[in-house]
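Welcome to this guided tour.

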Amino acid sequence: MNYRRLRFNGDIRPWVSEIIRSDKHLLLSQHEPSACKVAPLPKEAESSLQIGLYTSATTGPPKCIWNSYNRLIKNAQITAREFEISEGDSLLMMAKPWHVAGLSWTLMAENLNLDYTFISTKRGEDKQWVKAIKNIQPDYLLTVPAVLRSLFGYEDWFVPNIVYGGTPIRDEDYKSLSNYADTLYQGYGQTEAGGLISCQRLSTAASIPEGASRCYGDPPKEFKIRCEGTPDNPQPIWFKSPTATQRGFYDTGDEGFISDGGQLYLQGRRPK
């Protein structure tokens, strides 16, 4: 075996430090070694450090995806710019650090030398999450829609900026979200892309149009998206970027369309 399995022990800083300083390929996982099949290392592993991540299983069984550490760092840097995160901001992240979003957010915070706290989420711990928000009072909360929905029952918390990705937000969630933040960043990403693909920025002070939950804005300038769909006839979304595991355009497996204004709308996974 020419890689080492790195399992999260609950402390984010030693974890990410080990990733940053590693001289051996790493497979990040919470799973037992026999729980999931590991994909073979790519040919480029001979010349560049590879990080293995498991997909989140929101669209099928988890699978191992290898990407280079350098590409993951590049995507994390782009992510910070797209979410308008800069030096001096404090972050609270609630996610799984062995998935691409959690890892990307952590690498982003380390790269900018930010003050950040990471909570690895487990179902039923919403009281602890609210307590952390109140104690830390971060500038940004980065998490997934399921966590946010579990917090809607609590009235006395607020974060200026909320970032979320993974499963889509719902249009009906915006009414609740407007009570807890000034600005929302809804991101679309994939493990194969190295993290973020595109995102939309929304102000809760403005009227949010129906269907906004499917809009993921414009891709970063380094990325290219190709899609021939329409609102009535969504088509495959093809993606190309310097941070993805593939060098040319690849089929994301998702369907959608690009609006007249150039914004990407995601309709969901393509039926198999």
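At what angle do helix α2 and helix α3 pack, and how far apart are their axes? Select residues 69-82 for α2 and 100-111 for α3: the two helices pack at an angle of about 75°, with axes 8 Å apart. That makes α2 roughly perpendicular to α3 (angles of 65 to 115 degrees count as roughly perpendicular, under 35 as roughly parallel, over 145 as roughly antiparallel and the rest as oblique). Axes here are lines fitted to C-alpha atoms, for helices over the stretch in contact, and angles run from 0 to 180 degrees between N-to-C directions.

Before moving on, a word on what you are looking at. This is a predicted model, in which local features need pLDDT of at least 70 and side-chain atom pairs count only at pLDDT 80 or more, while totals for chains, interfaces and linings use all residues. Residues are numbered from 1 along each chain as its sequence is written, and side-chain values use heavy atoms, with hydrogens and water left out. Helices (H or I, at least four residues) and strands (E, at least two) are DSSP runs, numbered from the N terminus.

**Stop 1: around α3**

Show side chains where α2 meets α3. On the α2 side you will find Y69, L72, I73, N75, A76, Q77, T79 and A80; on the α3 side, V100, L103, S104, W105, L107, M108 and N111. Contact means heavy atoms within 4.5 Å. The residues of this contact divide into ten nonpolar, five polar and no charged (Ala, Val, Leu, Ile, Met, Phe, Trp, Tyr, Cys and Pro count as nonpolar, Asp, Glu, Lys and Arg as charged, and the others, Gly among them, as polar).

The classes in the contact of α1 with α3 are six nonpolar, one polar and two charged residues.

**Stop 2: the six-stranded sheet**

Next, colour the strands of the open sheet, which has six strands in the order β6-β5-β7-β8-β9-β10 with mixed pairing. Strands of a sheet pair through backbone hydrogen bonds, either parallel or antiparallel. For this tour, two strands pair if DSSP finds at least two bridges between them. Look at β6 (115-120) and β10 (195-203): these stand at the edges with a single partner strand each, so one side of each has no neighbour in the sheet. From one strand to the next, the twist averages 15°.

Zoom in on β8 (residues 161-164) and β9 (residues 183-190), which run parallel and are joined by four bridges. Pick V163 and you will find its bridge partner in β9, Y185. Helix α2 packs on the sheet, where α2 touches β9 and β10, and its direction makes about 5° with that of β10. Bring α3 back too: α3 lies across β5 (90-95), β6, β7 (140-143), β8, β9 and β10, running at about 160° to β5.

Where does E192 lie? Select the loop between β9 and β10 to find E192. At 17% relative accessibility, E192 counts as buried (under 20% relative accessible area; exposed is over 50%, partly exposed in between, with a 1.4 Å probe and protein chains only). Leaving aside residues up to four places away in sequence, E192 touches K63, I65, N67, A244, T245 and Y250.

**Stop 3: salt bridges**

Side chains of opposite charge can pair when their charged atoms come close. A salt bridge is a side-chain nitrogen of Lys or Arg within 4 Å of a carboxyl oxygen of Asp or Glu, and by this rule the count comes to ten.

Start with R4 and E18, whose side chains meet at 2.8 Å, N to O, in a salt bridge. R4 sits in strand β1 (residues 4-7) and E18 in helix α1, 14 residues apart. R4 is partly exposed at 31% relative accessibility, and E18 is partly exposed at 33%.

Move to D173 and R149, a salt bridge with its closest N and O atoms 2.9 Å apart. D173 is buried at 5% relative accessibility, whereas R149 is partly exposed at 22%.

To finish, select R81, E82 and E222, which are linked in a network of salt bridges.
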